Amino acid sequence: MDQNLYIKNKKAYFEYHILDKYTAGIKLLGTEIKSIRDGKANINDAFCTFIDNQLYVRNLHIAEYSFGSFYNHEAKRDRVLLLNKKELKKLSTRGEEKGLTIVPLALFISERGFAKLEIGLAQGKKTFDKRETMKERDTKLEMDRAMKR
């Protein structure tokens, strides 16, 4: 079992300013956790939404388990996120504010073997902020290359 699994959503860090971070458990089926442990998950298009006072993650793609039979899961079904009531209430009130959204940042396996999703309360970046991020990344890359020489 690979304990160092860490699937990061790089697109979220480029598109949004992250204000708060939370770690949430995910309610999964047996074949889903096996597929995640194989590293066959994609969170780039995923987003979080509230349905009946529960937080769901939508468009989280977990590939079908290769050794699964007719018990296999749907690849892009809605999955419940497990958080404390206090955290859910805080996220629901802050998420309703204009310009704020809840995005998945990373998917990983905890030390106890459970799948966890790191979510963040985020605010969208403007175009000039994105250009600034690209400039910072390029200058950091050039400095690293210069230090290697």
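Trainee: In this predicted model, which strands are included in what covers the buried residues of H2?
Mentor: The buried residues of helix H2, which spans residues 30-37, are Thr-31, Glu-32, Ile-33, Ser-35 and Ile-36. The cover over these residues includes strands E3 (41-42), E6 (61-62), E7 (79-82), E8 (100-109) and E9 (115-124).

Trainee: In what order do the strands of the open sheet run?
Mentor: The sheet is open, has seven strands and pairs them in the antiparallel sense. In general, strands of a sheet pair through backbone hydrogen bonds, and the pairing is either parallel or antiparallel. Here the order is E1-E8-E9-E2-E7-E5-E4.

Trainee: Which strands stand at the edges, and what is the average twist from one strand to the next?
Mentor: Strand E1 (6-8) and strand E4 (47-51) each have a single partner strand, so one side of each is left without a neighbour in the sheet, and E1 and E4 are therefore the strands at the edges. From one strand to the next, the twist averages 40°.

Trainee: What angle does the direction of H2 make with that of E8, where H2 packs on the sheet?
Mentor: In packing on the sheet, H2 touches E7, E8 and E9. Taken against the direction of E8, the direction of H2 makes an angle of about 75°.

Trainee: Which residue in E8 is the bridge partner of Tyr-6?
Mentor: Strands E1 and E8 pair in the antiparallel sense, and their pairing extends over three bridges. For Tyr-6, the bridge partner in E8 is Phe-108.

Trainee: Which residue with a positive phi follows H2?
Mentor: The residue in question comes after the helix, and its phi is near 85°. That residue is Gly-39.

Trainee: Is Glu-74 buried or exposed, and with which residues is it in contact beyond its neighbours within four places in sequence?
Mentor: Glu-74 lies in the loop between E6 and E7, and because its relative accessibility is 58%, it counts as exposed. Once neighbours within four places in sequence are left aside, the contacts of Glu-74 are with Glu-32 and Arg-79.

Trainee: Why does Met-143 count as exposed, and what distance separates its C-alpha from that of Lys-27?
Mentor: Met-143 is placed in helix H4, residues 127-148. Exposed means over 50% relative accessible area, and Met-143 counts as exposed because its relative accessibility is 57%. Along the chain, Met-143 and Lys-27 are 116 residues apart, and the separation of their C-alpha atoms is 43 Å.

How values were computed
Residues numbered from 1 in each chain as written. Predicted model: local features only at pLDDT ≥ 70, side-chain atom pairs only at ≥ 80, totals over all residues. Heavy atoms only, no water. Buried < 20%, exposed > 50% of the residue type's maximum accessible area, 1.4 Å probe, protein only. Helix = DSSP H or I, 4+ residues; strand = E, 2+ residues; numbered from the N terminus. Contact = heavy atoms within 4.5 Å. Pairing = 2+ DSSP bridges. Axes fitted to C-alpha atoms, helices over the stretch in contact; angles between N-to-C directions.
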